[in-house]
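The sequence and the structure are shown first.

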Amino acid sequence: HEFLDDEQSRRAHQSFQQGVAMLQAGEFEYAVTALHEVLAIYPALPEAHVNMGYALLGAGEPGVSHARK
C-alpha cells in the first residue's frame, strides 16, 4: 500500500513500521498502540488490521482468542 506524501501519511507509515517491528519483537502492547495510530489515519488499510489482530492475540486481549471458534 502506498502512503501519500504528506505529514499525516508519513506519520502513519512510521507508525506502521514501528508496529510491525514491535510485533516481531513480541512487544504486543506497543504494537497495538502504534497500529491504532495507523488505523486512525487509514481505517481501511488491510495490512494494519491483520497486524492489529496478531498484536491483540499476542497481548491476550479478552475475547480475541476465541473469536475464531
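## A pair of charged residues in H1

Glu-7 and Arg-10 are three residues apart in helix H1, so about one helical turn separates them. Helices (H or I, at least four residues) and strands (E, at least two) are DSSP runs, numbered from the N terminus. The side chains of Glu-7 and Arg-10 form a salt bridge, with 3.3 Å from N to O. A salt bridge is defined as a side-chain nitrogen of Lys or Arg within 4 Å of a carboxyl oxygen of Asp or Glu. By this rule the count is one salt bridge. Side chains of opposite charge can pair when their charged atoms come close.

This is a predicted model, in which local features need pLDDT of at least 70 and side-chain atom pairs count only at pLDDT 80 or more, whereas totals for chains, interfaces and linings use all residues. Residues are numbered from 1 along each chain as its sequence is written, and side-chain values use heavy atoms, leaving out hydrogens and water.

## Overall architecture

The protein chain has three helices and zero strands, and its pattern along the sequence is α-α-α. Of its 69 residues, 30% are buried. Buried means under 20% relative accessible area, exposed over 50%, and partly exposed in between (1.4 Å probe, protein chains only). Among contacts (heavy atoms within 4.5 Å) between residues at least 6 apart in sequence, 44% join residues at least 24 apart. The accessible surface of the chain is about 4,800 Å², and carbon and sulfur atoms account for 54% of this surface. Accessible areas come from the Shrake-Rupley method with a 1.4 Å probe; for residues, only the protein chains shown count as cover.

The largest nonpolar core contains 15 residues, and Phe-16, Leu-45, Ala-48 and Ala-55 have the most contacts inside it. H1, helix H2 (28-41) and H3 each supply at least two residues of this core, and H2 gives the largest share, six residues. Such a core is a set of buried Ala, Val, Leu, Ile, Met, Phe, Trp, Tyr and Cys residues joined through side-chain atoms within 4.5 Å. In soluble globular proteins, nonpolar side chains tend to be buried together.

The buried residues of H2 are Ala-31, Val-32, Ala-34, Leu-35, Val-38, Leu-39 and Ile-41, and their cover includes H1 and H3. The 14 residues of H2 should span 20 Å at 1.5 Å a residue, and the end C-alpha atoms are 20 Å apart, which agrees. The expected span is 1.5 Å times one less than the number of residues.

## Individual residues

Which residues does Ser-15 touch, not counting residues up to four places away in sequence? Ser-15, in helix H1 (residues 7-24), touches Ala-34, Glu-37 and Val-38. Together with Val-50 and Tyr-54, Leu-57 makes a nonpolar surface patch of about 310 Å².

The table lists relative accessibility for selected residues.

| Residue | Relative accessibility | Class |
|---|---|---|
| Ser-15 | 5% | buried |
| Asn-51 | 15% | buried |
| Arg-10 | 42% | partly exposed |
| Leu-57 | 45% | partly exposed |
| Glu-7 | 53% | exposed |

Patches are made of residues with over 30% relative accessible area and no salt bridge: like charges are joined within 9 Å, and nonpolar side chains (Val, Leu, Ile, Met, Phe, Trp, Tyr) within 5 Å.
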